[in-house]
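Let's take a walk through this model, stopping at a few spots worth a look. Have the sequence and the 3D view open side by side.

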Amino acid sequence: MSQTYQEAIENSNIVSKTDINGIITFVNDEFCKISGFTKEELIGANHNIVRHPDIPKSNFTLLWDIILSKKSYKATVKNLTKDGQTVYLNTTITPILNEKDEIKEFIAIRYDVTEEVELKKRLEKKELELEELNKDLENRVSLQTKKLQELNKTLEQRVKEEIEKNKEKQKLLFLQSRMASLGQMLANIAHQWRQPLTELNLTLFNMNKSFKNNNKEKADELYCESKTLINTMSSTIEDFTNFFNPQKDKKSFEIKEAVNEALIILKKVINDIKVEVNVPNNFEVLGVLNELSQVIINLIQNSKDAYLFNGIEKKRITINLSEEKISNKMYAKLEVKDNAGGIDKENLDKIFDPYFTTKHKSQGTGLGLFMSKMIIEKSLEGELTHKNLEDGSLFIILIPLSNLG
């Protein structure tokens, strides 16, 4: 029975014995396998043959003090294999006493925890990177806030110039009196941040759960998602600053990229909505990709809020992209359709007005659809319209195509 027990220990653990001077007298096959040495190389050698050079001598002084006092020593030990690889072993060293209560030899039983230790190190490194990203985000917010404050000082003059240039006196005068406030601008940014903040909170929760479950692949995936969300939040600040900057750069981009970006940001909070996407490639438009993504996010978020308000269980959103010719000019036609109940008739002519909302103040500022319409018309030189359907709403975005050459 004793020998069977000993064999079970040797077959399932990494086992070695040394004499009182630390000279190896026995190793099992698992010890040879983890260390890379043969039994012939190990038997008769000092046990420091596997000592890692990074470990301070004081650790071994403590080890000998403990085991020579006839007590067991327990620790996670960093060892070096024959080919120079680092391994981490949970180690218990126990003195074996003879009939005179003197130390006869030492037996060490170990098991390999290298993968767990390395995983913990990688996760700690990534947590540090995420902390640095957050610090960088705070710095960006501070910098962009200062820019917004400077922008606010000159906004009145810019509004006057826009009145003269675009002859939209009534609407731009309204902008002058209401949007000159930095507080309103910050409220709008906060409105755009609610969604990715919810997403980031869920992602970090799941990353912590994956870490506890030692799921490296899932933790890495969630870490990348967190970085994407943080970068998107940072871009949102810059995009809203650039919206009032007539010098912002416009580039040709694929509408499909903007749709995909919006759905990635929203994916965890709309998982109870069936989203059908029929958006082919090769529909290029000129503008700022993130601005179109913000418009799509706003439309889908409005649908989500309407589903909740109207208590609709079978939720469905369809996103279609096609080509349409208007006055000998080709346009991309992007349609976002839901079955959320539509908009009340008395509100149909107000939905694109600034500060109009049917939601509670905690859910929206009334700037979402107004800003979306401004982005489509002013930045993308297109058109945003709405139609009530039998069971919901249809928003139609028309943008001139730029890939016709």
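The side chains of His-47 and Arg-110 are joined by a polar contact of 2.9 Å (a pair of N or O atoms within 3.5 Å; within protein, one must be able to donate a hydrogen and the other to accept it, and residues adjacent in sequence count only if both atoms are side-chain atoms). This is a predicted model, where local features need pLDDT of at least 70, side-chain atom pairs count only at pLDDT 80 or more, and totals for chains, interfaces and linings use all residues. Numbering runs from 1 along each chain as its sequence is written, and side-chain values use heavy atoms, with hydrogens and water left out.

You'll find His-47 in the loop between α3 (39–42) and α4 (57–68); helices here are DSSP runs of H or I with at least four residues, strands are runs of E with at least two, and both are numbered from the N terminus. Leaving aside residues up to four places away in sequence, His-47 touches Ser-16, Thr-18, Gly-22, Ile-24, Phe-31 and Arg-110, where contact means heavy atoms within 4.5 Å.

Next, two loop residues. Lys-70 sits between α4 and β3 (73–80), with a positive phi near 70 degrees. Asn-328, in the loop between β9 (316–326) and β10 (329–338), has a positive phi too, near 65 degrees. Is Asn-328 buried or exposed? Asn-328 is exposed because its relative accessible area is 70%, while Lys-70, at 41%, counts as partly exposed (buried is under 20%, exposed over 50%, partly exposed in between, with a 1.4 Å probe and protein chains only).

Last stop: α11 (residues 368–379), where ten of the twelve residues are buried, among them Phe-370 and Ile-376. After α11 comes Glu-381, with a positive phi near 55 degrees.
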